[in-house]
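Let's take a friendly walk through a protein structure together. Have a look at the picture first, then read on.

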Amino acid sequence: MYTEQDLSAITAQLRKRWIIVGAICLVLLAGIVYSFIIRVEPVTSGLTVVLGAVLIFGYDMFIKPLHRYAIFLRNALHGRRHTVECTYQGMDADISMVDGVRYYSMSVQQQDDDGDPFERLFYWDAQRPLPQAQPGDKLRVTYHDRMVTDLSIG
């Protein structure tokens, strides 16, 4: 479901965003240094506030979500994975935010070692198309933590 190309594309996009936010911050920093040298205190103070706002806004809106998704992809590709056989029950229509990544909640029913059924919750990446499973279908789910990394029906 996920490939190394996905991870490298996200990493490249993350690098571009850091460069853009960094370039804007360097321009503002140059303005701060210049206004400090010519001793125009209101301009220095104003540019410092703008620099802080750009750093906070740029990181929270453009870098952090992509960074969180890159961490998820790295874990999905290189982290510890488990595979279970289960029965599909349904997918929640609402999107949840878990560790900074958007997911759909997927409910499945699994059997424990004694053969007793229990319900289990997995997270399906909201950026991927939903699986074409119907309630009652048998699934083979590969997951890291609770995040689905691969799914096969049947």
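D6 is partly exposed, with a relative accessible area of 25%; the label covers values between the cut-offs for buried (under 20% relative accessible area) and exposed (over 50%), found with a 1.4 Å probe on protein chains only. Please keep in mind that this is a predicted model, in which local features need pLDDT of at least 70 and side-chain atom pairs count only at pLDDT 80 or more, while totals for chains, interfaces and linings use all residues. Residues are numbered from 1 along each chain as its sequence is written, and side-chain values use heavy atoms, with hydrogens and water left out.

Which residue forms a salt bridge with D6? The partner is R128. A salt bridge here is a side-chain nitrogen of Lys or Arg within 4 Å of a carboxyl oxygen of Asp or Glu. R128 lies in the loop between strand 3 and strand 4 (138–144) and D6 in helix 1 (residues 4–37), so the pair ties together parts that are 122 residues apart in sequence. Helices (H or I, at least four residues) and strands (E, at least two) are DSSP runs, numbered from the N terminus.

The structure holds 2 salt bridges, and the table shows them with their distances.

| Salt bridge | N to O distance |
|---|---|
| R128 and D6 | 3.0 Å |
| R140 and E85 | 2.4 Å |

R140 and E85 meet through their side chains. This pair also links distant parts of the chain, with R140 in strand 4 and E85 in strand 1, 55 residues apart. R140 is partly exposed at 42% relative accessible area, and E85 is partly exposed at 46%.

Now for strand 2. Of its 11 residues, 8 are buried, so strand 2 is largely enclosed by the rest of the structure. Strands count as paired if DSSP finds at least two bridges between them.

On to strand 3 (residues 117–125): 9 bridges join strand 2 to strand 3, and the two run antiparallel. M106 stands opposite F122 in strand 3. The hairpin of strand 2 and strand 3 has 5 residues between the strands, and G115 takes a positive phi near 90 degrees there.
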